[in-house]
Amino acid sequence: MAKPRAFDVRQQTGFTLVALSCFVMLYLPIILLVIYSFNAGTSIAIWEGFSWQWYAAAWENEKVQEATVLSLIIASSASLVATSVAVMAALATTRTGKFRGSGLVFAMINQPLMIPEIVTAVALLLFFAMIKVATGYTGIWYLIIAHSAFCIPFAYMPVRARLQSMDLNLEQAAADLYGRPWQVFRRVTLPQLWPGVLAGAMLSFVISLDDVVITEFVKSAGQDTLPTYMLGQLRRAITPEVNAISTVLLAISVALVVAFYLLSKSKEK
Amino acid sequence: MIEITGLSKTFGAGPSAFTALENINVTIKENEFFTLLGPSGCGKTTLLRSIAGFVNPTSGSLTVNGEDMLSKPPYARPVNTVFQNYALFPHMTVAENIGFGLEMLGRPKSEIKSVVADMLDLVQMAPMADRMTSQISGGQQQRVALARALAPKPKVLLLDEPLSALDFKLRKDMQIELKRLQSETGITFVFVTHDQEEALTMSDRIAVMKSGRILQIGGPKDIYDHPAERFVADFIGDTNFVSANLLSEDNGKAQVRLPSGATVEARSPEGGAHSGAVTIAVRPEHAMLSEPGALIDGRLKNIVYFGTDTHYHVESEGQPTFVIRRQNQPDAVEHHSVGDSVGISFNPGIAQVLRD
């Protein structure tokens with residue numbers, strides 16, 4: 001028998017209605033997007049039968065191919081850089097004693113979460129423009145650096161959480177057993193930290209893959225990631241090709257999240 | 001072997017500063033089972049962690065075999081620790097845990113393998129070598145932690161309340177086991193505990209600590225029979241405290257006058273005591289029940305039967321209740337009853353004059 005509760009939110013008037021409408025608002029648009037990606041016609045609003053043609057179209061579209069490659073390169077590089085920096089930052093903020101200004105450092109690491117993205121985007125646009133003028137370099141490193149920077153807090157959070165919940169005694173035991181600091185990190189801290197590192201990397205990857213605002217401002221002429229390519233398409237006649245690309249991105253994100261969930265489950269056992 | 005001189009540790013600064021260790025002086029000998037005993041917060045673990053290198057003392061010196069330790073990081077000290085919660089590496093097998101220290105020292109694989117095998121035998125864990133540490137019981141984890149700390153053959157093994165997480169029966173077994181390992185390996189053990197019985201049964205010498213200071217160092221029998229301070233007498237075993245007057249003191253022997261007017265020879269504490277009002281300590285099993293007109297007279301308030309022994313509670317004027325413990329004999333007849341006027345006596349040299 002369930003325990004009687006003083007307050008059960010489920011028994012409040014309108015609970016079901018509110019809950020249902022929230023879920024509808026959240027998921028109905030996504031479900032429609034996925035459904036219309038299989039539309040046989042050229043409209044994104046009128047159903048004309050089932051077809052894979054827009055997936056095929058996207059697959060064969062050279063622009064989409066280039067944008068996909070660029071997106072993957074940037075997301076992988078950014079997640080690698082951001083996670084490495086985040087691990088170092090997390091070690092510095094959890095494995096040293098409390099120092100003067102440690103709260104400020106924490107805030108500064110998480111700066112990208114607090115400053116409006118559009119401000120960062122404009123600032124980067126101006127800053128990189130100066131460098132472009134000075135050096136003439138217009139490659140993808142601007143995007144990798146910008147993406148790495150805003151991915152850091154997303155990688156930092158899970159790594160820091162993992163470090164904080166770790167048993168400090170393990171590292172002391174390793175040091176006691178003649179492990180030098182680097183050996184302790186490699187043999188004891190890092191293996192324990194791995195789920196956090198993986199979570200940070202996956203989160204960074206997804207965040208980078210998804211970014212529009214900063215990418216749109218920072219990218220040089222002719223460069224397009226998947227999101228900026230899709231944004232560009234919206235200005236022309238919009239076809240279910242955009243739906244197809246979105247569905248694939250959605251599938252990748254869901255797969256990553258599920259993979260991470262399963263991974264962390266099996267680690268706990 | 002381990003020389004600690006004038007070691008102090010203060011945490012924090014200003015008005016919130018906390019002195020965890022205050023002028024610790026102690027010499028621990030080669031191949032000794034040395035115990036740091038005291039209540040929680042007395043500084044025993046801080047002292048142990050200072051030897052291991054996890055705490056940097058504020059002042060003083062600490063050497064092992066004449067070599068300064070304080071300038072060295074933990075990984076460069078020839079000491080290993082058995083942690084209270086064992087701190088086994090959860091991502092490694094039992095064998096990998098035990099071999100970790102040797103691996104860090106860069107020993108060849110063949111040597112690591114043979115030492116690990118020896119250690120597994122020593123702690124009787126050979127069948128579990130390839131288990132993960134989460135798949136073995138608490139007592140087994142304890143053995144692995146011991147083997148891991150012993151494998152690199154340290155000069156000193158530090159043990160931080162290693163038995164506190166085990167149940168009673170297992171704890172008794174491990175006490176004997178630890179003592180066996182210590183004599184077999186010939187390694188100096190520094191053992192931290194708050195359990196006086198554990199300290200008495202296992203140690204060669206005990207340092208009793210309170211509020212960051214060492215109150216008394218001595219063998220289990222010295223500490224038990226001749227506590228120097230009230231705290232030591234009270235913390236270890238049961239004791240009767242009797243107020244008395246110190247008449248004279250000579251070469252460790254003191255003459256004290258009890259409130260009844262009787263005088264008796266007692267032992268004076270190390271460093272002597274001031275004459276005048278003092279407290280003397282008498283262990284319950286060192287006192288005897290006798291007829292009135294003895295050293296202390298009183299009235300029998302209670303007789304408590306414990307199976308192995310019987311406790312007699314005697315009330316006398318101006319003194320706390322005095323407890324006498326008498327071992328029971330199979331054919332003994334109880335000829336005292338509650339309410340009787342009785343006397344308390346003890347042999348000369350049994351009572352201990354306390355320093356405070």
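In strand E5 of chain B, B:Asp68 is the bridge partner of B:Thr63. This is a predicted model.

**Four-stranded sheet of chain B**
- E4(B) and E5(B) are part of an open sheet of four strands, ordered E2-E1-E4-E5.
- The pairing in this sheet is antiparallel.
- Its edge strands are E2 (18–28) and E5 (67–68) of chain B, and each of them pairs on one side only.

**Contact between chains A and B**
- Chain A puts 15 residues into the contact, and chain B puts in 16 residues.
- On the side of chain B that touches chain A, strand E6 (79–82) and helix H2 (94–104) of chain B each supply at least two residues.
- H2(B) gives the most to that side, with three residues.
- By residue type, the side of chain B that touches chain A has 11 nonpolar residues, five polar and no charged.

**Helix H4 of chain B**
- Helix H4 (residues 138–150) of chain B has 13 residues, which at 1.5 Å a residue should span 18 Å; the end C-alpha atoms are 18 Å apart, so the two values agree.
- Most of H4(B) is covered, with 10 of its 13 residues buried.
- The buried residues run through B:Gln141, B:Gln142, B:Arg143, B:Val144, B:Ala145, B:Leu146, B:Ala147, B:Arg148, B:Ala149 and B:Leu150.
- An α-helix has 3.6 residues a turn, so residues three or four places apart point the same way.

**Five-stranded sheet of chain B**
- Five strands of chain B make another open sheet, in the order E15-E19-E16-E17-E18, with antiparallel pairing.
- Strands E15 (288–290) and E18 (322–327) of chain B are at the edges; each has a single partner strand, so one side of each has no neighbour in the sheet.
- From one strand to the next, the twist averages 45 degrees.
- Six bridges pair strand E17 (residues 309–315) of chain B with E18(B), in the antiparallel sense.
- For B:Thr310, the bridge partner in E18(B) is B:Arg326.

Key. Residues numbered from 1 in each chain as written. Chains lettered and ligands numbered in written order. Predicted model: local features only at pLDDT ≥ 70, side-chain atom pairs only at ≥ 80, totals over all residues. Pairing = 2+ DSSP bridges. Contact = placed C-beta atoms within 7 Å. Nonpolar A, V, L, I, M, F, W, Y, C, P; charged D, E, K, R; others polar. Expected span 1.5 Å × (residues − 1). Buried ≥ 20, exposed ≤ 12 C-beta atoms within 10 Å, placed from the backbone. Axes fitted to C-alpha atoms, helices over the stretch in contact; angles between N-to-C directions.
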